[in-house]
Each structure stands twice: as structure tokens, then as C-alpha cells.
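The exercises below ask how two chains meet and what surrounds a ligand. Please look through the structure first, then work through each solution step by step.

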Amino acid sequence: MSDIVSRRTMMKGAGATLGAAAFAHAMAPLTEWSKDLSVDEFLQKHYKELTRDELGRVLLHLKEETKRKYGRDVDIQALPPQEGVSFAYALNLSICIGCRKCAEACHQENNHDRRTGNSYIRVLEMQQGSLDLEHGNANYDHPVPAEGKYYLPVQCHQCDNAPCVKVCPVQATWKEQDGIVVVDYNWCIGCRYCEAACPYHARRFNWAKPEIPPEEINPDQGYLSNRIRPQGVVEKCTFCLHRTRAGRLPACLEACPTGARVFGNLLDPKSPIRWVLENKRVFVLKEELGTRPRFFYFFDK
Amino acid sequence: MAASRHLLDYPRFLGRLLWMSTDGSWRFYTWMTVLSAIALVGANAYAHQLAEGMALTGMSDHVSWGLYIANFTFGVGLAAGAVMMVIPAYLYHDHEMHDVTLIGELLAVAAIFVCLLFIVVDMGHPERAWHLMPGIGRFNWPISMLTWDVVVLNGYLLINLHICGYLIYMRFLGRKPRKQWYLPFVFLSIFWAISIHSVTAFLYSGLGGRPFWNSALLAPRFIASAFITGPAFVIVLLQVIRRFTGLPIGEGPLRTLMSVMRVTVLLNLFMLGSELFTAFYTGGTHATAVRYLFFGSHGHHALVPWIWTAVALNIASAVVVHLPATRRHVWLLNLACALAFAGVWIEKGMGLIIPGFVPSTLHELVEYVPTITEWKITAGIWAFGLMVLTVAVKVALPVLSGQIAASHAEHGQGPHGTEGPEAKQAA
Ligand code: SF4
Ligand code: SF4
């Protein structure tokens, strides 16, 4: 009896050792993954809970990391929203020609992954006389503007009642004072629930580590906007808040050759965006969903 | 016995059970080795996915959830359905069922483990899971449905662990379980079972931008299909247990579970029909996803073979389970169970999650096909779940049947029982 028991125990020991070895072997690729993990980053608090000092250290760390991983010196800031500013965007569908210069500018400004050619903006080629998205096409490949078509660029609408913010289980995404919906890339757990919830296809996930040649990196970066995102988190358009919070215009607006884009502070009565809202007939996409976008569309007549 | 003694004895008891679970016949070792091998393949694929990114999956920004969340959804149904034997047992005082409710609860525990693993492998940053912990993270409760899901799933796990643990431990000590220590939890687990699957349905049906999911019928449909898969799995499991442990499991429970399935397979088909009616009779953009799912759209039909297979399996199971011969031939019953299980797996998986994303919110048709990595990880998780279930059932049964008890040990030494020869055979 005791012979059997000890033999059995021995077998179990051998089995356990073998199992452990096999498991270690199976998990070996993890060494690659853990290299990118730092204890500081792991324990980092939510953006809103960071003190000035802590935020300073985080920004410094991020700059060093960009240098190490991408070989480029960059400046990463965390500009706060300005008092008395509430941003909104409007787009004139009568003069948009669907050239996608905005999408291209977004791609460069926001340090998007070069391999996938990502951009926060999608331009839909729509059938004249219909607002039905089902008759739109985002993958057109011919000279523009085409006969019988008009063009509908879509990006994050910075919804005031944002489904993406509602669903995020860890509050990694929220609405800032100036109306911009942001993501803390160091807090997002990558569940992509927000991506499922957004009715405007405005969110992107980093399915792999973004690839950008050092000379193409835009060094003017923001913690909550265009710094190079880590693998495995969600990102989105922020109306270029690293620019707009410093009094500049979004990159997509500057790139638009027809002047179809209007941006500004809703609380400033003299701003062009106020003029558009007061003098044009504007509408929003999917109004029936109650998302209350601050991205408006209008036609000249 | 002082309550404080249990604090020491209970962990020892669990440890002993675990040790015991590694004893077994060659069949058991083969089975566990095969499962470990599959689980290891999954673990390896997962390690690659973590290191190289989720680009290794077939998902995209258009279809942001795929096979993992599909299996998660199905797993929740299985967990919820598993306790459905509790209803006949306790609400309708079907005494024969009492003996097997525990099996259902153990299945629920294993299924919840599976669900939690599917969530973990779907996360871009699993090491940040602590952000989800109330108190130290930022738990977006009660606004986010996902936080509700975390609460109900973990709660369900705890409830079932408590019931199983308590009943087995008491049997082990040779004492009569005290009703107030488990009965309230049993009833709670019934309500809780409904809640886990409803909350999981709300996860999807609460999204206004996804018309395919945005239906009030989603939660009831989930519950109906849960009451198919749970009983179907348990029917087969009971026979396996009967065969390999010689535990006397009567025909009664099988018959009751079959009656449950007879109703739920029809209910499920009926609700599917209702949804199809609304979609196709009304038409319009709301029907695009359904059209894509069943007939394909603009030259894309990745899901068409899946959904028709699911419908065929569901109808076939409904027919077989209603055949008079099925009452006499258990193999027919098993066939019905297998058909129903596979049918619901597709319907609640690929047939529910993916069409929510195709066409996308801007009406782009981007299709999704799972990659090898996803299949490996999925198989690995299910294999792990089966290992958990095997071990749980294997240690629970000898205790329940009285083959192992604390009284075998020297008095006052606590539960150091040596197993009887019968237990070895049973294993
Ligand atoms: S458009 Fe989408 S991502 Fe942007 S705020 Fe609205 S729901 Fe969120
Ligand atoms: S992917 Fe990130 S931002 Fe989106 S819901 Fe999940 S944790 Fe929140």
C-alpha cells in the first residue's frame, strides 16, 4: 500500500514538474510583453487624480519612453481646458469636395500608425438627395467630386450625452470642461466597449504597437491627445486639443482646401461657429439617438 | 465544535480535496492530459497575443468584439442555465433533483471561470484589471453595464462557491447541513442566475447606436437559450458521472430536464421568429444587419452558413426532443442535447455578437473571421473550464456519496480522512 502511495506521489511530482515546465515554455513570449511594463506605469493613478508633481514625472517618463522606443525628442504637455471656452465644430456640406485632405492631416498631426494609415476622420461619399448612411461609401477611389454625389466627413462628435463615456467601466474616458471627450491612455483597460457604443465610428483601438518613422513624428504632443498611443488602448479625435487649447485651430481645418470647416468657442458671441449656428440651418447626425453632438453639418442653401 | 476551528479546518479540507483530485484512473489521467495540452496551446497563443497585440485576432475597429465575447456570452448562459435544476428541486420539491442540483452548481462555477477568462483575453491591458476594482480603481457604477456585469458575475461565483462548499463540507463532517446556511443562498442563486444573463443582455441592448442589439426581446431570448444549454449539458454530464462513478443517478432528473428543454427550445425558436418578423416585415435600415446575417449583403456573406446551421440545429433539436421515442432511448435525448447545445452556441455567439457590428455604425460592411490565434485561445479556455469541472465533480461526489468523511480520521485531528477503496474506484 505505502509503495503504491509513494509511487503515485512520485508520479504526481513528475507530472507537476513537467506541467510547470510546459506552462513556462508556453508563456515564454511574455518576456517581450513585460519589457514594456514599468512598475510606475502599472501603479499610475487616473489622470484626474494626479498631482502637479506626479503629472510632471509622468510627462517626463513618457518623453523618455518616446525617445527610447521611437528615437525622437518630443514635447508632451498637459494643457488644461480654458475658462469660458466650450468648443464646437461645423462643416459645410455644400462645399466639401471629398478630397480627404482633412483625414490625411489628422493622420500626420496625431501620430497615427503608418502601417494601417489610420485617421480619426472618415469621409463618406453620399448619394445626392439622401442622408441615408446605407447609401454611403467610405472607400471610394476615383477623382472627386463625382457626379451626383456629396461628401460627409465624420469624426468624433464630442457628444454632450456621450454613449462612449457612459459605458466605460473604469472612467478611462470622460468629457472635459471645454466639451472635449478624452481618453487617459494610461488608464484604459482596452475592453473596447466604448467602440461598440459609439454611433459614429469615432473610436480606434491600437491593435498593435503603432509604427512611425522618427522623422515623421509630430513632436508637439499632448498627454490626452496626440502622443503616441500604447498598444492595446482606445483613442479618438480630441479636436486637436494640444493645438486648440493653445489658441490654434484643428489640423483638419487648416488642411481643408475649400474652407468647409468652421471651429470655435461657443461661448464667444463673435466666433465664426456662433455665426454659423445663428445664420445657417444646421443639423446633426443621428439626432434621434439623443447623443447631442457638438459637431454640426449645414448646407449653403 | 467552535466556529473558529472551521477557519482552520475548512482550508485543510479544501487542500485535501485538491490533493485527492490528482488521484485517478488511467482514463482520468488521459483526459486531464489531453485537456492540459489544449489549455497549454491556448496559453501559448495568448502569450503571443499579449506580446504582439490584438492585431493577431480577426477583429477590427469595425468589428471590435469577436469570438471571445461571443463565447463569453454563451458561457454566461451556460452558467445561468446550470442552476435551473434548482428550481424543480427546491421550488417544486422534486427530491430526486436535490441530489443533482449540486452538479449544476459546480457547472455554474466552472462556467463562470470560463466567462471571466474570456473577458481577460479580450482586454488590451489585462494587467490594469485593478482599475476595475471598487475602491482602488474607478468603478463606473451604476452607469456602465459592464460594471454591473462584473458585480453580478463575481457575486454569482461567490454564491455558488458558498453553496457547494458548505454542502460538501457538512457532508464531509457527517453533519446535517443547516437550512439557514444554504437555503437562502439557493433561492438567491435562482434570481441571480436570471440577473447574470439579463445584465449580459443589457450590455448589448443598451447601445442605441446598434439597432441589431437594441431590442427589448434580447434579455428574454438570452434566458430562454440559457434554459436550453444548461439542462442539455447537465443531462449529458449526469450520464457521464453515472457511467464512471457508479453513483446512482435516477431517470427522474433526466426526465425533468428533458421537459424543461421541450419548452425552452420552442420558446427560443418562437422568439427568434418574432424578431425576424419585425425585421423583415418592417424592413428599412433596421433590418440591414438581419439581412446580412441571414442572406448576406452586397457580396458579403461570412455569417450566412453559420446562422443557417444554427437554425437547422435548433429546429432539429426541437424535433428530436419531442419525438415519443426520445423518452425511451437515451441516445436520442443525448442527440437532442448535442444539437441544441451547438445550435445555441452559434446563435448566441457568431449569430448575435458579430451582426451587431456588421454593417458598422456608418454602414460599412467589414466582415469578421476569427484567426487561428483566437480559435486556440478559445479552445484553451474551454479545456481549462472542463478541467475545473472535472476536478470539482470528482472531489465533490465521493464526499457526497459518503465515501470520504472526516469520521475516517482520528478523532480530534480534524479532517485527515483516508480514502476508502471505493473512492479510488470511483475516481
Ligand atoms: S462621437 Fe462617439 S466617441 Fe465621440 S463622443 Fe460621441 S460617442 Fe463618444
Ligand atoms: S476601451 Fe478603454 S476607454 Fe473604452 S470603454 Fe474600455 S476602458 Fe473605457
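A salt bridge is a side-chain nitrogen of Lys or Arg within 4 Å of a carboxyl oxygen of Asp or Glu. This is a predicted model, in which local features need pLDDT of at least 70 and side-chain atom pairs count only at pLDDT 80 or more, while totals for chains, interfaces and linings use all residues. Side-chain values use heavy atoms, with hydrogens and water left out, residues are numbered from 1 along each chain as its sequence is written, and chains are lettered from A and ligands numbered from 1 in the order in which they are written.

**Exercise 1.** Find how many salt bridges link chain A and chain B.

*Solution.* Applying the rule between the two chains gives a count of 4 salt bridges. Glu134(A) forms a salt bridge with Arg291(B), where the closest N and O atoms are 3.4 Å apart.

**Exercise 2.** Describe the extent of the interface between chain A and chain B.

*Solution.* Begin with contacts (heavy atoms within 4.5 Å): 63 residues of chain A are in contact with 56 residues of chain B. Next take the buried area, the accessible area (1.4 Å probe) that two parts lose on being put together, summed over both; here this area is about 5,100 Å², and carbon and sulfur atoms give 58% of it. Finally, Lys12(A), Tyr193(A) and Trp207(A) supply 14% of the area that chain A buries against chain B, more than any other three residues.

**Exercise 3.** Identify residues that surround ligand 2.

*Solution.* With near meaning that a heavy atom of the residue lies within 4 Å, the surrounding residues include Cys168(A), Cys188(A), Cys191(A), Cys194(A) and Arg192(A).
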